[in-house]
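Have a look at the sequence and the 3D structure.

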Amino acid sequence: DSYLRHSELLVDADSAEDPVERMLIVCRLLFSFCCDILRTSDKVTDVPIPTLGYHHIAREELGTCPGGNLRLHLQEICTFSSQTQAAALSHQKGVVRTTMTIALRPWARTKGMLLPGSKSVQICLEGGAVVQLDRYREEYTMTFPSLVIHSPLTEDSIADFAGQAGITCIESGLEAKLNFKANHAVKGVVQQITSKGSSMEMLLPDSLKTKVLHQLTGRWDKRITITNRNPEKPPLIEDQPGNLLFDAHQDQGNGCYINKRLDIGRLGPLQLPKLWSAFHDALMSIDPERSANTATARKLGVDLQSQLPLYYGLHFNEREQKRQTSDSEEEEEEEEEKIDLRMRLPPCIEEQKEGGGRLHYQLSYSVVFLTPDEMDEQVPVPFSPTQAQQLTQQQQREDELNSSKPSTSGHGEIVPAM
């Protein structure tokens, strides 16, 4: 799944000795996350649904490494509260090797012109991500492109990424500038960070002030290659050409694919359902009056607000049923008075939205190194509400058994009646 793909790339970055190689692996992380936004899931439980608050904590063993083992600590949060943060790992065993924290607050706007088929909705991924490689004392800051859905609410709907993305590492003096263009194309460079030197240097063009190490080109939904790759270095992807940086179909899983023909009115199972809950919240929060200054864009904003909730969440597989005609006027009035609950959000969520609240999304990874002795120690994992309920029921049964046993003492106790 997406969690395993991301964690494996973090392990690869931690193992790379060359700072340029580490930057390239972090670029693969960015492309992998973008693909997972649109990648389908084979689990029916991965359907986006309205949420007031969600905090998932998990732990997974990644396998052995020289001197010990690697363990992944994962946390995923989706909430209206901007104060909620991933829990600290101070009580856990081991030494943190690398972390990645994605923090996004999506917002959306509509665009449109008078030409047919020229309307779209843009979901801006406000925020970004931070990757920390503790062994090398490096921190990578990451920004993402916008997700653009052309002709939404129609059968011709198609999704693509557009705009600029970037990765910067001050400690290694490297940066990656990526440009997502039309038709799923990507172009970019990995280069040294532009120095802020003398006034004479400032007069030079950027091409002379910076040293470009690699150029990137390809499609984010297929393959991306790099130039100037040293043929003596091992390939970035095992058993693949040395100049291949990213393959969108690697470790994708059976039955999963990148769904660019996404119907935002009927979202099915996706790799990142909680992120799409935040996306859907942003789409339903569009103010038509603040959209692009065209009647087409304003109408699209109204249509999104009125049509999106109908098939949101677990109703993704239902088909709209035409209302049966009624012979009597009374039955027609009763039908008009009925409210389709799928057209409404829960009151607690509506209250948050009336107060101007927006869903925040966080995804946190921590790869921890443990010695064999630390692996032998049992570390409690936070249990689910279902497990907590089972433990409570077991405790109640034990209390009932203890209370039903006859007293072993010779004298009874008089209990006053209440």
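## What covers helix α6

The cover over the buried residues of α6 includes β4 (107–111), β5 (120–124) and α5 (273–284). Helices (H or I, at least four residues) and strands (E, at least two) are DSSP runs, numbered from the N terminus. Buried means under 20% relative accessible area, exposed over 50%, and partly exposed in between (1.4 Å probe, protein chains only).

This is a predicted model, in which local features need pLDDT of at least 70 and side-chain atom pairs count only at pLDDT 80 or more, while totals for chains, interfaces and linings use all residues. Residues are numbered from 1 along each chain as its sequence is written, and side-chain values use heavy atoms, with hydrogens and water left out.

Helix α6 spans residues 295–307, 13 residues in total. From its first C-alpha to its last it reaches 18 Å, close to the 18 Å expected at 1.5 Å a residue. That expected span is 1.5 Å times one less than the number of residues.

Which residues of α6 are buried? They are Ala-297, Leu-300, Gly-301, Asp-303 and Leu-304. Seen down the helix axis, these buried residues fall within an arc of 165°, so they line one face of α6. The arc is that of the directions from the helix axis to the C-beta atoms. The face turned away from the buried side carries exposed residues, Ala-295 and Lys-299.

## Cysteines

How many disulfides does the structure hold? It holds zero. A disulfide is a covalent bond between the sulfur atoms of two cysteines. Here the cut-off is a pair of cysteine sulfur atoms within 2.5 Å.

Cys-124 counts as buried because its relative accessibility is 9%. Cys-169 is buried too, at 0%.

## Thr-99, in a strand

Thr-99 sits in strand β3 (residues 95–104). Its relative accessible area is 13%, so Thr-99 is buried. Contact means heavy atoms within 4.5 Å. Not counting residues up to four places away in sequence, Thr-99 touches Leu-10, Val-130, Val-131, Gln-132, Tyr-365 and Ser-366.

## Asn-228, in a loop

Asn-228 lies in the loop between β13 (223–226) and β14 (244–247). Is Asn-228 buried or exposed? It counts as exposed, because its relative accessibility is 58%.

Leaving aside neighbours within four places in sequence, Asn-228 is in contact with Leu-213 and His-214. The Asn-228 side chain reaches the backbone oxygen of Leu-213 at 3.5 Å. Asn-228 and Asn-243 are 15 residues apart in sequence, and their C-alpha atoms are 8.2 Å apart in space.

Conventions: A polar contact is a pair of N or O atoms within 3.5 Å; within protein, one must be able to donate a hydrogen and the other to accept it, and residues adjacent in sequence count only if both atoms are side-chain atoms.
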